[in-house]
Amino acid sequence: MADPAGRDDPKQEQLEQYRVSPEGTALTTDQGIRPDDTDNSLKAGERGPTLMEDFHLREKITHFDHERIPERVVHARGAGAYGRFHLDESLAEYTTAEFLCDTSLTTPVFVRFSTVAGSRGSADTVRDVRGFATKFYTRQGNFDLVGNNMPVFFIQDGIKFPDFVHAVKPEPPNEIPQASSAHDTLWDFVQLQPETMHMMMWLMSDRALPRSYAMMQGFGVHTFRLVNAEGRGTFVKFHWKPKLGTHSLAWDETQKIAGKDPDFNRRDLWDRIEDGDHPEYELGVQLVPAEDEHRFDFDLLDATKIIPEEEVPVRPVGRLVLDRNPDNFFAETEQVAFHLGNVVPGIDFTNDPLLQARLFSYLDTQLIRLGGPNFPQIPVNRPVADVRNHHREGYHQMAIQRGQSAYHKNSLSGGCPAVGGEGSYTHFQERVDGNKIRKRSESFADHYSQATLFWNSMSDWEKEHIVGAFRFELGKCDHKHVREGVIGHLAHVDHDLAVQVAQGVGVEPPQAPVTANHGRVSPALSQDNAPKDSVQGRKIAILAADGVDSGAVAAVGDALTGAGAVCEVLAAQDGFIQAANGGRVEVTRAMPTVASVLYDAVVVPGGEESVRTLAQDGDAVHFVAEAFVHCKAVGALDAGIGLLERAGITGVRFADGDTVSDTGVVTAEGAGGDFTDELVKAVAAHRHWTRRKDHVPA
Ligand code: HDD
């Protein structure tokens with residue numbers, strides 16, 4: 001079966017066999033019998049008791065009773081999509097993995113994005129790490145890259161994972177708070193486990209609040225190993241880079257979105273794919289020759305460390321495009337089972353103790369979650385490569401395995417399936433010896449230097465957001481000693497950071513630096529340096545009422561839509577509004593059903609009467625003010641400029657002599673080319689974080 005672009009896709013072809021649709025069919029039981037009625041149970045008399053023999057009732061209720069499966073113990077909330085990975089640069093020098101060697105190949109994939117701490121029904125826009133898990137259906141079997149949107153992790157050894165997850169999940173007595181790290185147990189864990197510090201810097205940064213899954217990086221996190229035809233190993237870190245740049249929401253905005261549209265990121269992914277605005281990511285690799293294993297001032301096996309891109313550049317090798325939504329959330333997104341141990345020939349592991357524990361966990365968790373060992377046969381999990389082995393039976397066995405022998409070696413089935421040979425998986429040969437010991441390597445001991453590197457690499461506005469996040473989270477901790485413990489660690493990261501956070505949470509700030517800041521930076525870490533050249537998929541609100549200048553609505557709409565954005569006309573009620581020139585303008589949504597937090601920018605076109613009405617509508621005034629406070633592009637034309645004044649955005653004189661900052665505020669008399677060009681640029685900039693906004697009450 002062909003994908004939306006008309007190319008052959010073996011995975012979609014395979015899935016097609018399982019897809020069923022209701023059109024033109026008759027209702028049956030699971031046994032294929034057509035009941036004559038599904039609305040009334042079988043009774044002894046119209047008002048009599050229900051009969052046991054009502055097989056249809058029993059089957060219907062029984063199936064319903066068993067509809068739920070356990071949610072994932074972490075990453076329970078997610079959204080998935082199919083796509084295709086195309087290789088541009090061959091890595092044949094380093095690996096035998098065919099999908100990384102043959103540039104003529106396009107590999108089907110399924111990707112699942114997720115939050116970590118929340119339950120299945122929690123909101124999308126919480127402060128959290130995001131999962132970015134990719135299943136490549138390669139011709140050599142499935143390769144799962146089970147990564148996150150942050151390149152490091154909270155802990156160094158997987159034996160701490162249950163402790164960490166118990167600390168971050170809702171607290172045992174009352175199951176509060178949902179999907180939030182702002183509570184005592186998480187921070188208690190942090191203050192007693194300083195290896196968390198680097199990851200906590202990421203978690204307190206805007207990386208934890210992605211605007212869109214299409215604007216989020218992904219990382220394999222661990223150092224993996226590529227192995228070439230000669231058996232030579234090369235260390236590798238995997239990176240996904242979004243084509244649209246890495247962009248984030250404002251913290252206040254995320255909290256409001258969680259109420260207004262808890263499905264915000266999930267909906268965004270779905271809509272983009274439906275609209276043909278396919279999310280795209282570049283796959284990059286950082287390669288480290290085996291002989292350089294010890295050349296860094298950190299250990300490559302330590303998952304709390306990055307390899308700075310400035311030290312080992314990320315080499316782009318291919319592109320991932322997500323172009324097909326699932327047909328059924330449960331069947332595909334819920335039942336997809338990722339496993340770090342799903343590797344293909346040419347990709348192997350390292351001794352990273354976090355990675356090693358994960359190799360046990362994923363298969364184990366799928367057994368309980370998906371109810372037995374045959375979950376790889378579920379359509380979304382099935383490889384496109386042939387599967388033949390001696391595994392037999394188990395719950396929900398779908399294959400009718402023929403033949404007398406289910407063992408190796410056999411002579412009765414001609415020795416088949418045959419083992420080994422060309423293309424088989426051979427483990428990387430590594431000499432291993434050592435004493436049996438429960439101990440962390442000394443090379444894992446530095447918990448602060450890279451946290452400092454991250455802090456040093458942030459722009460001023462990013463630093464401000466980080467300080468705000470620490471203050472918010474620690475401010476929610478009831479135990480003062482926990483706050484003090486965290487400040488104690490922050491003092492080793494950076495003195496100014498520790499002082500600013502301490503001042504916000506009522507803890508005595510450190511008097512003098514306890515550790516000198518090494519001063520190193522890695523510009524690649526800052527979102528300030530992300531590409532800001534596209535309005536693709538951005539959502540723009542145009543506020544209007546009767547008497548609007550319909551020419552301006554059309555000009556703004558054409559310019560932004562032409563550049564790839566989505567424009568919606570919002571008015572007090574749905575339907576149509578009368579334009580100043582007598583025509584009509586269709587309303588996309590009624591203002592009370594939406595909110596500024598669901599848009600990337602707001603534009604107020606001219607039209608005296610329209611603006612007079614909007615200025616008397618609290619929803620409209622708040623809409624503009626809030627968009628301004630969240631640092632979004634704000635555009636106004638002619639009389640529309642008056643609404644900005646009404647919202648308290650312009651016309652303010654500050655006591656300190658400062659003037660109102662107008663970055664990202666685009667105004668003009670007449671919707672000419674300059675206005676729309678400036679507006680498109682202001683929207684493409686994503687946010688105007690340096691804007692002064694403390695005077696606006698929203
Ligand atoms: Fe994990 C799910 C990513 C450490 C144990 N993990 C899960 C998912 C992602 C990650 C993206 C969701 C997959 C999906 O969408 O179905 N996990 C990571 C990353 C880690 C990490 C990037 C650190 C580098 N995880 C980690 C450790 C352990 C686990 C150390 C246990 C020792 N993770 C699990 C799990 C989950 C899981 C319990 C829950 C559901 C599932 O696997 O299928 O096995």
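In the predicted model, L87 stands opposite G318 in strand β9, and this position falls within the pairing of strand β1 (residues 78-87) with β9, an antiparallel arrangement held over six bridges. G318 of β9 is also faced by L283, a residue of strand β8 (residues 280-289). The pairing of β8 with β9 (residues 315-324) is antiparallel as well and comprises six bridges; within β9, the bridge partner of Y281 is L320. On the other pairing of β8, strand β7 (residues 233-242) runs antiparallel to β8 over nine bridges, and K237 has Q286 in β8 as its bridge partner.

The ligand is surrounded by 27 residues, of which the closest are R72, H75, R112, G131 and V221. Several secondary-structure elements contribute to this shell, with at least two residues each supplied by β2 (106-115), β3 (130-138), β4 (141-148) and α9 (353-369). The largest share comes from helix α9, which provides seven residues of the shell around the ligand. By residue class, the shell divides into 13 nonpolar, 11 polar and three charged residues.

The peptide bond from I176 to P177 is cis, with omega near 0°, and P177 is placed in the loop between α3 (161-168) and α4 (184-192). A cis peptide bond is also found from H408 to K409, again with omega near 0°; K409 belongs to the loop between α9 and α10 (449-457). The loop between α9 and α10 also contains H396, for which phi is near 60°, a positive value in a residue other than glycine. The crossing in which α11 passes α13 is right-handed. On the α11 side the contact is formed by V467, F470, R471, L474 and G475, which meet L497, Q500, V501, G504 and V505 in α13. In terms of class, this contact of α11 with α13 has six nonpolar, three polar and one charged residues.

For the second pair, the axes of helix α14 (residues 550-562) and helix α18 (residues 673-684) come within 10 Å and cross at roughly 50°, which makes α14 oblique to α18. Here, too, the crossing is right-handed, with α14 passing α18 in that sense. The residues A555, V556, A559 and L560 in α14 meet T676, L679, V680 and V683 in α18, and the contact divides into seven nonpolar, one polar and no charged residues.

A further sheet is open and consists of six strands in the order β15-β12-β11-β16-β17-β18, with parallel pairing. Its edge strands are β15 (589-590) and β18 (665-668), each of which pairs on one side only. Within this sheet, strand β11 (residues 539-543) and strand β16 (residues 601-604) run parallel and are joined by three bridges, and the bridge partner of I542 in β16 is V603. Helix α16 (residues 618-629) lies across β11, β16 and β17 (633-637), and runs at about 135° to β16.

Notes: Residues numbered from 1 in each chain as written. Predicted model: local features only at pLDDT ≥ 70, side-chain atom pairs only at ≥ 80, totals over all residues. Left-handed = near helix turned anticlockwise from the far one by under 90°. Helix = DSSP H or I, 4+ residues; strand = E, 2+ residues; numbered from the N terminus. Contact = placed C-beta atoms within 7 Å. Nonpolar A, V, L, I, M, F, W, Y, C, P; charged D, E, K, R; others polar. Pairing = 2+ DSSP bridges. Near = placed C-beta within 6 Å. Axes fitted to C-alpha atoms, helices over the stretch in contact; angles between N-to-C directions. Parallel < 35°, antiparallel > 145°, perpendicular 65-115°, else oblique.
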